[in-house]
Amino acid sequence: MFSRILIANRGEIALRIIRAARELGIETVCVYSTADADGPWLKYADEAICIGPGPATESYLRIDRIISAAEVANVDAIHPGYGFLAENAHFAEICRDCHIEFIGPSPEAMAMLGDKIACKKMARDTKVPVFPGSESAIEEIEDAAKVAAEIGYPVIVKAAAGGGGRGMRIVHNEGALRSAISSAQQEAQAAFGNGAVYIEKFLENARHVEIQVLGDRHGNAIHLFERDCTTQRRHQKLIEESPAPGIDPKKRDVVAKSASDMIRKAKYSGAATVEFLLDGKGDFYMLEVNTRIQVEHPVTEMVTGIDIVKEMIRVSAGEPLRFKQRDIKLNGHAIECRINAEDTERGFMPQPGTLTTFVPPGGPGVRVDTHARAGYRIPPNYDSMIGKLIVHGADRTEAIRRMAGALDEFIIEPIKTTIPLQRKLMDNPNFIKADFDIHYLERLLKKE
Ligand code: MV4
């Protein structure tokens with residue numbers, strides 16, 4: 001096992017990784033920017049090294065500075081958390097060149113799954129359901145028009161290197177196809193240095209369901225069931241839950257098993273998430289694979305009892321997974337609210353500033369993952385998530401009531417947060433019935 005790891009991240013996930021490492025008897029080294037010099041999580045690390053000024057491009061995204069800190073601190077491994085360098089295959093490769101373990105997949109597996117055309121091919125080969133569409137990058141507009149005519153409009157043009165909604169175009173007829181493809185290619189080339197695009201059938205009114213998977217370096221892979229992340233705005237998730245409400249458990253088991261087959265075939269080690277859209281008939285279609293620990297991993301931990309962060313550290317130290325698929329049992333229902341320092345009545349405007357009051361909720365089945373405290377100053381440089389409130393209940397009804405009570409107990413002053421909106425959603429009939437799709441929150445916000 002490692003004796004010392006570096007955490008190339010900040011905030012709640014840095015603290016989450018410190019806690020996991022501590023339980024494994026591993027020392028932690030945090031790198032931080034000057035904007036985070038009084039970050040509360042740094043006090044819990046064994047060592048903290050400043051790597052530059054506030055802008056992430058000058059600190060948390062600087063591979064050279066992070067590697068220098070890792071060498072100086074003499075760590076065995078680096079945990080990238082989420083965001084920043086977590087899905088940068090070049091960073092994973094540099095870590096390998098420097099004989100520092102990257103706590104995540106190999107650069108090869110990361111690069112392959114990060115290319116959505118290659119990822120879709122791997123999915124087809126392992127019977128993971130995907131949308132019909134082009135099976136390689138579009139070379140000639142005539143070929144794309146032929147595929148689009150076969151699958152029928154509307155189609156969506158996506159960048160192979162894109163993700164999280166960047167560089168997509170919805171096309172309703174052949175007349176609009178040519179310019180959508182060439183503008184998507186140009187945008188993708190400029191944004192990702194890779195102009196490859198593909199098309200697939202566009203699905204409206206879907207739900208977003210994702211499967212958590214774990215792989216090790218001995219050829220084992222398992223899934224930890226699914227999460228529903230349908231409640232989102234502009235690709236920012238606000239509420240996640242596990243299990244996904246109202247899905248056919250037989251269909252879910254088949255898809256989840258195919259997702260673990262896929263990452264096993266990709267020789268993937270670490271934690272990954274296979275994202276799907278779910279249509280009105282309950283059929284799944286894979287979108288992409290995220291090769292990092294995700295913000296919403298706690299809901300899966302609450303319903304499976306597995307510490308995903310500890311497991312990812314263990315497998316990158318070469319240990320085999322400690323569970324077989326048959327050991328993984330779903331227990332109850334978990335919901336997470338991402339608590340963002342944002343004014344939901346003013347376009348979700350970020351609210352940096354100092355917290356005078358910070359009173360988190362408690363009681364049975366309540367978990368708060370946060371680095372925030374009274375007196376903490378939220379810097380303006382990073383995303384506005386200041387914590388996550390996770391509840392576990394015997395069933396979805398109990399979890400919703402528990403979340404409503406916990407949101408009522410949570411006091412954060414003087415800045416505005418997403419809590420009042422999330423509290424309202426716990427009383428919303430559509431949320432309660434899980435009668436929702438990826439656009440329902442934006443529709444709801446428009447009405448008000
Ligand atoms: C789609 C889609 C409909 N049909 N693909 C958006 C983010 C990226 N991961 C893929 N996305 C979508 N791909 C097909 N074939 C609709 C979306 C989409 C979406 C997906 C998940 C969660 C929220 C979303 C919001 C708008 C569009």
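Is Val 315 buried or exposed? Val 315 counts as buried, because its relative accessibility is 0%, where buried means under 20% relative accessible area, exposed over 50% and partly exposed in between, with a 1.4 Å probe and protein chains only. The model described here is predicted, so that local features need pLDDT of at least 70 and side-chain atom pairs count only at pLDDT 80 or more, while totals for chains, interfaces and linings use all residues. Residues are numbered from 1 along each chain as its sequence is written, and side-chain values use heavy atoms, with hydrogens and water left out.

**The ligand and its surroundings**

- The ligand is surrounded by 19 residues, of which the closest are Lys 158, Glu 200, Lys 201, Leu 203 and Glu 288; a residue counts as near if one of its heavy atoms lies within 4 Å.
- Nitrogen atoms of the ligand take part in polar contacts, meaning pairs of N or O atoms within 3.5 Å: a polar side-chain atom of Lys 158 lies 2.9 Å from one such nitrogen, an N or O atom in the side chain of Glu 200 lies 3.0 Å from a ligand nitrogen, and a polar backbone atom of Lys 201 is 2.7 Å from a ligand nitrogen.
- On its own the ligand has 520 Å² of accessible area, and the protein covers 92% of this, as computed by the Shrake-Rupley method with a 1.4 Å probe.
- The shell around the ligand contains 8 nonpolar, 6 polar and 5 charged residues; Asp, Glu, Lys and Arg count as charged, Ala, Val, Leu, Ile, Met, Phe, Trp, Tyr, Cys and Pro as nonpolar, and the others, Gly among them, as polar.
- Because domain 2 (130-201) and domain 3 (207-447) both give residues to this shell, the ligand lies between them, with domain bounds taken from an automatic or database domain assignment.

**Helix α10**

- Val 315 is found in helix α10, residues 308-316, helices being DSSP runs of H or I with at least four residues and strands runs of E with at least two, numbered from the N terminus.
- Since 9 of the 9 residues of α10 are buried, this helix is largely enclosed by the rest of the structure.
- Asp 307 caps the N-terminal end of α10, with a side-chain oxygen 3.2 Å from the backbone nitrogen of Val 309, and just after the helix Gly 318 takes a positive phi of about 100°.

**Strands β1 and β2**

- Strand β1 (residues 4-7) pairs with β2 in the parallel sense over 4 bridges, pairing being assigned if DSSP finds at least two bridges between two strands.
- The bridge partner of Ile 7 in β2 is Cys 30.

Conventions
Polar contact = N/O pair within 3.5 Å; in protein donor to acceptor, adjacent residues only side chain to side chain.
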